[in-house]
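Take a look at the chain below. We will walk from its overall build down to a few single residues.

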Amino acid sequence: QVGALRPVGTNSAAVLADTPIGMFEQIVVYTKSSLCEQSTPSNFSFSDTFSPVRNLTFDDEDLDAGELGGAVTWDPPDEAGQV
C-alpha cells in the first residue's frame, strides 16, 4: 500500500520518486462509501521504462547575447513502444 485513505472528493494521489517497485506490476484503487466498499478495484498496469533519444544537438543561430534560436535535432530512441 502506498499512501493512506483519502478524504471524500479526492481524485489523485502521488507516488513519490524512488518508490521501490518490488514485484508489483499494477496500481489499484478501491472506492468506499457509507453503503459499501468496492470489492473489485480499478487497476492500471505500469512499466518502468527508459527510452532516451540519441545524438541530441542544438545549433544556436541567434548571434544576440542572451538569446537563443535554432534547430534542436535528435535520433529517436531504440525502443519507442512506451514513448
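Helices (H or I, at least four residues) and strands (E, at least two) are DSSP runs, numbered from the N terminus. How many helices and strands does the chain have? There are four strands and zero helices. Follow the sequence and the pattern reads β-β-β-β.

A word on the model itself. It is predicted, and local features need pLDDT of at least 70, side-chain atom pairs count only at pLDDT 80 or more, while totals for chains, interfaces and linings use all residues. Residues are numbered from 1 along each chain as its sequence is written, and side-chain values use heavy atoms, with hydrogens and water left out.

Now the overall dimensions. The C-alpha trace spans about 65 × 30 × 20 Å along its principal axes. The radius of gyration, taken over C-alpha atoms, can be set against a globule rule: 2.2 Å times the number of residues to the power 0.38. For a compact globule of 83 residues, that radius would be near 12 Å. The chain has 22 Å.

Next, the surface. Accessible areas come from the Shrake-Rupley method with a 1.4 Å probe; for residues, only the protein chains shown count as cover. The chain exposes about 7,900 Å². Carbon and sulfur atoms supply 56% of that area. A residue is buried under 20% relative accessible area, exposed over 50%, and partly exposed in between (1.4 Å probe, protein chains only). What share of the 83 residues counts as buried? The figure is 1%.

Contacts come next. A contact means heavy atoms within 4.5 Å. Take the contacts between residues at least 6 apart in sequence: 15% of them join residues at least 24 apart.

Let us turn to single residues. Pro 77 sits in the segment after strand S4 (72–75).

Asn 55 belongs to strand S3 (residues 54–58). Along the chain, Asn 55 and Pro 77 are 22 residues apart. Their C-alpha atoms are separated by 10.0 Å. Asn 55 has 54% relative accessibility, so it counts as exposed. Its phi is positive, about 55°, although Asn 55 is not a glycine.

Asp 18 also has a positive phi in a residue other than glycine, with a value near 70°. Look for Asp 18 in the segment before strand S1 (26–29). Asp 18 counts as exposed because its relative accessibility is 77%.
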